[in-house]
Amino acid sequence: MPALPQTATADRRRGHSVLRVHFQLSTHEAQEAVFEELLGLVEDITPVYQPYPHDHSVDMDVTGALCHFGRSPHELGQILQLRALALYGVHVVVGGGRSPLIAAMAAAATPPGRITVIAPDDNAVDAFLRPRPVAALPGIGPATARTLSRYGITTTGQLADTSEGVLARILGKQAGRELAARARGNDDRPVQRTALIRSTSASHNFDRDELNPDAHRRALLALANELGTRLRTSHEVCRGLTLTVRYADRTSTTRSRALPEPSAHSPALTTLAYSLYTSLGLERARVRHLALRANRLEPDETAHHQLLLDDGDDNARRIEAVADAARSRFGPHIITAATLARTTRGGHPRKQP
């Protein structure tokens, strides 16, 4: 098939309409199920959507829905906002544009509970993009933004006006070409319907700024055990973990890593959680909050466990199954690690009588 002329490609791009919807949910575990239910509201409007569970957002291709409902993108965003608030008490931020790039940037610039839709014509897109800092452009991280600023490129408009040859010398050929296209509002990526990649998380708030690494590790042990028990109860495994550490100054650090094999085995989760914590290299960090998320959940029958010659691992799993049965019958705290039994809820050692 011959390539479409550039004008035809531009016309096709202007004919698309995408909404980026951000549901303002907390990171509490109970909200994960709410997000899945909210996706039902999205599907009532369009079957073409791509969810992002990590921040409770979704891209919606509403190109066909505009004619079906006889509504504008702004009106479809209002419908979704009203339904989410009425049925679930959830506020929604909506950004819209002719591509996922424009929609995402519009949503990022929108106050809570409001809607921003950028018209599809080139003049409207330019007026929106050019004043924005380069760091607001998806694909530009802090390091790239600092590199560009050393050359006097601090806004998206300046980036768009810089030749691809210059950007290639600064950032490399591929990165320079991609960022130049994005700065001009060109983004031909389609919204692809994908299955929701499920995750589950647990978190711990310290009663005070906690500097003791031993207290951090005890909290991680409790979180890994909680996730492991939850996964085994639901007959699921995860493929990796994400650790988020929030500090006293409200900044945070996040690290993710895959497991050697899908697992719901608490010792395996604990080992990876400790490894993620160690990789942060924290020294006298004033920690207020820890969150551990199990990523890419799947049914446990799809996972395969590597057999070992050592009986220790099999024995540990048998003990774990017995402990799960006891917790199911007598409560979650009937059996716990000795380290956790000697601590209070705040993560500090309990005084011995």
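Q: What should I know about the model and its residue numbers before starting?
A: The model is predicted, so local features need pLDDT of at least 70 and side-chain atom pairs pLDDT 80 or more, while totals for chains, interfaces and linings use all residues. Residues are numbered from 1 along each chain as its sequence is written, and side-chain values use heavy atoms, leaving out hydrogens and water.

Q: What is the mean pLDDT of the protein chain?
A: pLDDT is the predictor's confidence in each residue, from 0 to 100. Here the chain has a mean of 83, with 78% of its residues at 70 or more. Take care with residues 305-312, where pLDDT stays under 50, and with residues 344-353, where pLDDT also stays under 50.

Q: How do strands of a sheet pair?
A: They pair through backbone hydrogen bonds, either parallel or antiparallel. Strands here are DSSP runs (E, at least two residues), as helices are (H or I, at least four), numbered from the N terminus; two strands pair if DSSP finds at least two bridges between them. In this model an open sheet of five strands has the order 2-3-1-4-5, with mixed pairing. Its edges are strand 2 (49-52) and strand 5 (115-117), each pairing on one side only. Strand 2 runs antiparallel to strand 3 (residues 57-61), joined by four bridges. Tyr52 has Ser57 as its bridge partner in strand 3.

Q: How are two packed helices described?
A: By the angle between their axes and the distance between the axes. Axes are lines fitted to C-alpha atoms, for helices over the stretch in contact (heavy atoms within 4.5 Å), and angles run from 0 to 180 degrees between N-to-C directions. Helix 11 (residues 213-233) and helix 12 (residues 266-279) have axes that come within 8 Å and cross at roughly 140°.

Q: How is a pair of aromatic rings described?
A: By the distance of the centres and the angle of the planes. Rings of Phe, Tyr and Trp (its six-membered ring) pair if their centres lie within 6.5 Å; planes under 30 degrees apart count as stacked, over 60 as edge-to-face and the rest as tilted. This rule gives one aromatic pair. The ring centres of Phe23 and Phe35 are 6.2 Å apart and the planes stand at 70°, so the pair is edge-to-face. Because Phe23 lies in strand 1 and Phe35 in helix 2 (residues 30-45), the pair ties together parts twelve residues apart in sequence.
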